[in-house]
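Here is a short tour for anyone meeting this structure for the first time. Have a look at the sequence and the model, then read on.

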Amino acid sequence: EEVGKLESALGKLNDREYEVISRYYFSAAKSGKDETFANIAKELGISRERTRQIKERALTKLRLHTRK
């Protein structure tokens, strides 16, 4: 049930939010190396601060959707 809630919540994120969250939190599991805001920002063509803001907005959405 918890996995279903998380999958549903991830589906509520827009493409950029999903990209930032998945790379920031799950890249170490996939590639063995952590992603930094700087690396993610460079590849997305945005600032580190904007990347951090997107991450925070996405986490807020995830928290709201997993409480239901």
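Which residues does Leu 62 touch, not counting residues up to four places away in sequence? They are Ala 9, Leu 10, Leu 13 and Ile 21, where a contact means heavy atoms within 4.5 Å.

## Ground rules

What you see is a predicted model, in which local features need pLDDT of at least 70, side-chain atom pairs count only at pLDDT 80 or more, and totals for chains, interfaces and linings use all residues. Residues are numbered from 1 along each chain as its sequence is written, and side-chain values use heavy atoms, with hydrogens and water left out.

## The overall picture

Helices (H or I, at least four residues) and strands (E, at least two) are DSSP runs, numbered from the N terminus. The C-alpha trace spans about 35 × 25 × 15 Å along its principal axes.

Of the 68 residues, 28% count as buried; buried means under 20% relative accessible area, exposed means over 50%, and partly exposed is in between (1.4 Å probe, protein chains only).

## The core

Back to Leu 62: this residue belongs to the largest nonpolar core, together with Ala 9, Leu 10, Leu 13, Ile 21, Ala 58 and Leu 59. Two helices, H1 (2-11) and H4 (48-66), each give two or more residues to this core, and H4 has the largest share, with three. A nonpolar core here is a set of buried Ala, Val, Leu, Ile, Met, Phe, Trp, Tyr and Cys residues joined through side-chain atoms within 4.5 Å.

## Two sides of H3

Helix H3 (residues 37-44) has Phe 37, Ile 40 and Ala 41 as its buried residues. They sit on the same side of H3 because they cover an arc of only 100° around the axis, going by the directions from the helix axis to the C-beta atoms. Over on the other side, Lys 42 and Glu 43 are exposed.

What covers the buried residues of H3? The cover includes helix H2 (15-31) and H4. After H3 comes Gly 45, with a positive phi near 75°.

## Where H2 meets H3

H2 and H3 pack at an angle of about 145°, and their axes are 10 Å apart. Those axes are lines fitted to C-alpha atoms, for helices over the stretch in contact, and angles run from 0 to 180 degrees between N-to-C directions. From H2, the contact includes Val 20 and Tyr 24, while H3 brings residues including Phe 37 and Ile 40.
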